[in-house]
Amino acid sequence: MLACAREDYRAYFTVRFFTGMRTGEVHGLKWKYIGFERRLTLVRESIVPGDEDELKSEDSQRDIQMTQVVYEALRLQAKSTRKISDYVFCNLAGRRAPVLGCGVDFHGILTRHFHRKLTHPLCEPGGSRCG
């Protein structure tokens, strides 16, 4: 999926896939909550349609250890947006990504790019050769 994503969305999808953060949490993620030194992403705020908001519950507040792939994606993203916005993921004007209207059609992406692999068995009958 990441290989098929547009380059300007790759960091966004990497953070989404490898952190387990909710949509509103990713869209509300600010640079002040990114700790490169300790490799932590602090989940402290969320975006609900239209507004910044507190998290759903106290349990939602958490620190997520960055994997190497997330660390590298956020370092690359910092080069693009850190100087123009408080938000990690924003448009060229520095405004945060909207929650509404930015849904991702994962089924459509999978069907278009991986249809053959998804509809054919990975192993031959008898399991003698898997691939």
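I began with a side chain in this predicted model: that of Ser 85, which comes to 2.8 Å from the backbone oxygen of Gly 94.

Where does Ser 85 lie? I placed Ser 85 in the loop that runs between α3 (68–81) and α4 (106–119).

Is Ser 85 buried or exposed? I noted a relative accessibility of 10%, so Ser 85 counts as buried, the cut-off being under 20%. Leaving out residues up to four places away in sequence, I listed its contacts as Trp 31, Cys 90 and Gly 94.

Next I turned to the surface. I found a nonpolar patch there made of Phe 17, Phe 18 and Val 69, with about 250 Å² of accessible area together. I looked up Phe 17 in particular: this residue belongs to helix α1 (residues 10–19). Its relative accessible area is 37%, so I wrote Phe 17 down as partly exposed.

Last, I checked confidence. The protein has an average pLDDT of 77, and 66% of the residues reach at least 70. Among the elements, I saw the highest mean in strand β1 (residues 34–35), at 98, and the lowest in α4, at 55. Residues 118–131 have a pLDDT below 50, and I noted seven contacts for this stretch in the model beyond near neighbours in sequence.

Technical notes. Residues numbered from 1 in each chain as written. Predicted model: local features only at pLDDT ≥ 70, side-chain atom pairs only at ≥ 80, totals over all residues. Heavy atoms only, no water. Patch = residues over 30% accessible without salt bridge, like charges linked within 9 Å, V, L, I, M, F, W, Y side chains within 5 Å. Areas by Shrake-Rupley, 256 points an atom, 1.4 Å probe, with all protein chains shown as cover. Salt bridge = Lys/Arg side-chain N within 4 Å of Asp/Glu carboxyl O. Helix = DSSP H or I, 4+ residues; strand = E, 2+ residues; numbered from the N terminus. Buried < 20%, exposed > 50% of the residue type's maximum accessible area, 1.4 Å probe, protein only. Polar contact = N/O pair within 3.5 Å; in protein donor to acceptor, adjacent residues only side chain to side chain. Contact = heavy atoms within 4.5 Å. pLDDT = per-residue confidence, 0-100.
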